[in-house]
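Dear colleague,

Please find below the structure for your review. My notes on it follow directly after.

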Amino acid sequence: MKLYFMLLGGKTPYLVFHVAVPHALPRIFTGINTANAFAFTTLVMAEMMGQPGGLGYYINASKVWSAYYKVFAAIIVMAILFSLITKAVKAAATVEKYS
């Protein structure tokens, strides 16, 4: 495809920014979404293992004191945060798709 584009007189910067990058954006946003899930899970696990702060620590502390309503509340907060981040990434992907 690059050869055909060059034969029609296209320059490399135009090829990169108007053909290659828009073609790669769906895969980039899929990677961001997957990385977000792994990062969120890793963050909570690290907090549960010893970081004195954060939702993971709060869940462990509440579990030790048998305050299960706090555990469920923290899980709901985490679910809402993750959902908001995921929706933001999908909204950005949709904007890029239609622009």
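I begin with one residue. Apart from its neighbours within four places in sequence, Ser62 makes contact with Ala67, Lys70 and Val71. Please bear in mind that this is a predicted model.

Ser62 belongs to helix 3, which covers residues 55–64. The side chain of Ser62 also lies 2.8 Å from the backbone oxygen of Tyr58. With a relative accessible area of 5%, Ser62 counts as buried, because the cut-off for that class is under 20%.

A contrasting site is found in helix 1, which spans residues 2–7 and includes Leu3. Leu3 has a relative accessible area of 58% and is therefore classed as exposed, the cut-off being over 50%. Together with Tyr4 and Leu7, Leu3 forms a nonpolar surface patch of about 410 Å².

Turning to the protein as a whole, the secondary structure consists of 4 helices and 0 strands, and the order of elements from the N terminus is α-α-α-α. The radius of gyration is 21 Å, whereas a compact globule of 99 residues would have a value near 13 Å. Along the principal axes, the C-alpha atoms occupy a box of roughly 70 × 25 × 15 Å.

Of the 99 residues, 18% are buried. Among contacts with a separation of 6 or more, 37% join residues 24 or more positions apart.

With kind regards

How values were computed
Residues are numbered from 1 along each chain as its sequence is written. This is a predicted model: local features need pLDDT of at least 70, side-chain atom pairs count only at pLDDT 80 or more; totals for chains, interfaces and linings use all residues. Side-chain values use heavy atoms; hydrogens and water are left out. Patches are made of residues with over 30% relative accessible area and no salt bridge: like charges are joined within 9 Å, nonpolar side chains (Val, Leu, Ile, Met, Phe, Trp, Tyr) within 5 Å. Accessible areas come from the Shrake-Rupley method with a 1.4 Å probe; for residues, only the protein chains shown count as cover. A salt bridge is a side-chain nitrogen of Lys or Arg within 4 Å of a carboxyl oxygen of Asp or Glu. Helices (H or I, at least four residues) and strands (E, at least two) are DSSP runs, numbered from the N terminus. Buried means under 20% relative accessible area, exposed over 50%, partly exposed in between (1.4 Å probe, protein chains only). A polar contact is a pair of N or O atoms within 3.5 Å; within protein, one must be able to donate a hydrogen and the other to accept it, and residues adjacent in sequence count only if both atoms are side-chain atoms. Contact means heavy atoms within 4.5 Å. The radius of gyration is taken over C-alpha atoms; the globule rule is 2.2 Å times the number of residues to the power 0.38.
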